Amino acid sequence: MAQIFSKENPNGLNELIIDMTPRHEPYDRQRGFGREVLRNVYYRIEVKNYTYTFANYGGKYEREAQQGRENTCKYFDEIVAILQAAGWTLATEKWRNEHSGSCPQLIKGNQKLYCHPQSISGCVKADEVDDIARLFTKAKTFSHYHTDDYRDVIVTTDTADEMKLYHQTYDATANHVLEELTTTKRRNLYKNENDVWLRLFERLSIDTKRAGKIYNFDHVEQAYANDIIQKAKADGWLVEAKGRNNSHLIRWINKAEQRKMEFTTQK
């Protein structure tokens, strides 16, 4: 996942920095607050001549490309057989249609793997990461050369459970992140609220998997970030203004405004 940072230049404008470097986080079972915690992994593999199948060489390497297509079909059959023998189940048969553009997806409990000819990726139990890699050692249609073990993936039961996870994880610190994103040097300098919201949910996003589902499109992190912003407004921590084209602007209260708010609260 990309890491997004906001850096304020001397002229008061923000510079957006997107760091695409993969993060390798240590396993932390406690991160799930009692929920199952899996690992996001990529088993880097190579299917001979696969790379020739998607590049246009003007027919120069058509023989290699054809071999790559044949090898890919054999790889699909073999990886499915290997994982099924280890107790995994096919999630869909769509990959068997050569024109579908799909790859085999297999599941085992809440674990899932997507078997692309260059990487077998998904979320698996932390204590099975190496066991799965050992399944590939005797493969005939592909070679496994590296395992990227990136980060924790927390299994949630539904939208409400995932929102609860966000509250458990960030309620004590989310305002500090929001303050960092909205603090300005002048009273008349504001941040675009939509930009702040985008950066906030990127910073707070948690990798999750919905139990019993292949995909989850609820975007709970976006709803949670919006709740944090609206609560900060209601509690008096944010000052609002209107910008061009009726855009919404916000900034964190300055020190003088904060002292005034604290004095008013104490009275």
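Trainee: Which residues of helix α6 meet Ala174, Asn175 and Leu178 in helix α4?

Mentor: This is a predicted model, in which local features need pLDDT of at least 70 and side-chain atom pairs pLDDT 80 or more, while totals for chains, interfaces and linings use all residues. Residues are numbered from 1 along each chain as its sequence is written, and side-chain values use heavy atoms, without hydrogens or water. Helices (H or I, at least four residues) and strands (E, at least two) are DSSP runs numbered from the N terminus, and contact means heavy atoms within 4.5 Å. On that basis, the three residues of α4 meet Tyr224, Ile228, Ile229 and Ala232.

Trainee: How many residues of the contact of α4 with α6 are nonpolar?

Mentor: Ala, Val, Leu, Ile, Met, Phe, Trp, Tyr, Cys and Pro count as nonpolar, Asp, Glu, Lys and Arg as charged, and the others, Gly among them, as polar. The contact has no charged residues and 1 polar residue. The nonpolar residues number 6.

Trainee: Are α4 and α6 roughly parallel or roughly perpendicular to each other?

Mentor: Axes are lines fitted to C-alpha atoms, for helices over the stretch in contact, and angles run from 0 to 180 degrees between N-to-C directions. Angles under 35 degrees count as roughly parallel, over 145 as roughly antiparallel, 65 to 115 as roughly perpendicular and the rest as oblique. The axes of α4 and α6 come within 10 Å and cross at roughly 75 degrees. The two helices are therefore roughly perpendicular.

Trainee: What is the orientation of α5 and α6 to each other?

Mentor: The axes of α5 (residues 193-204) and α6 (residues 220-234) come within 9 Å and cross at roughly 125 degrees. Residues making the contact include Trp197 and Phe201 of α5 and Tyr224 and Ile228 of α6. By class, the contact divides into 9 nonpolar, 3 polar and 3 charged residues. The orientation that follows from the angle is therefore oblique.

Trainee: Which strands stand at the edges of the open sheet of 3 strands?

Mentor: The order is β9-β12-β11, with antiparallel pairing; two strands pair if DSSP finds at least two bridges between them. Between β9 and β12 (residues 248-252) there are 2 bridges, and Asn192 has Leu249 in β12 as a bridge partner. The edge strands each have a single partner, so one side of each is left without a neighbour in the sheet: they are β9 and β11.

Trainee: At about what angle to β12 does α4 run?

Mentor: Helix α4 (residues 174-182) lies across β9, β11 and β12. Its angle to β12 is about 110 degrees.

Trainee: How many of the 10 residues of β3 are buried?

Mentor: Buried means under 20% relative accessible area, with exposed over 50% and partly exposed in between (1.4 Å probe, protein chains only). Strand β3 pairs in the antiparallel sense with β8 over 10 bridges and with β7 over 7 bridges. The strand is largely enclosed by the rest of the structure because its buried residues number 7.
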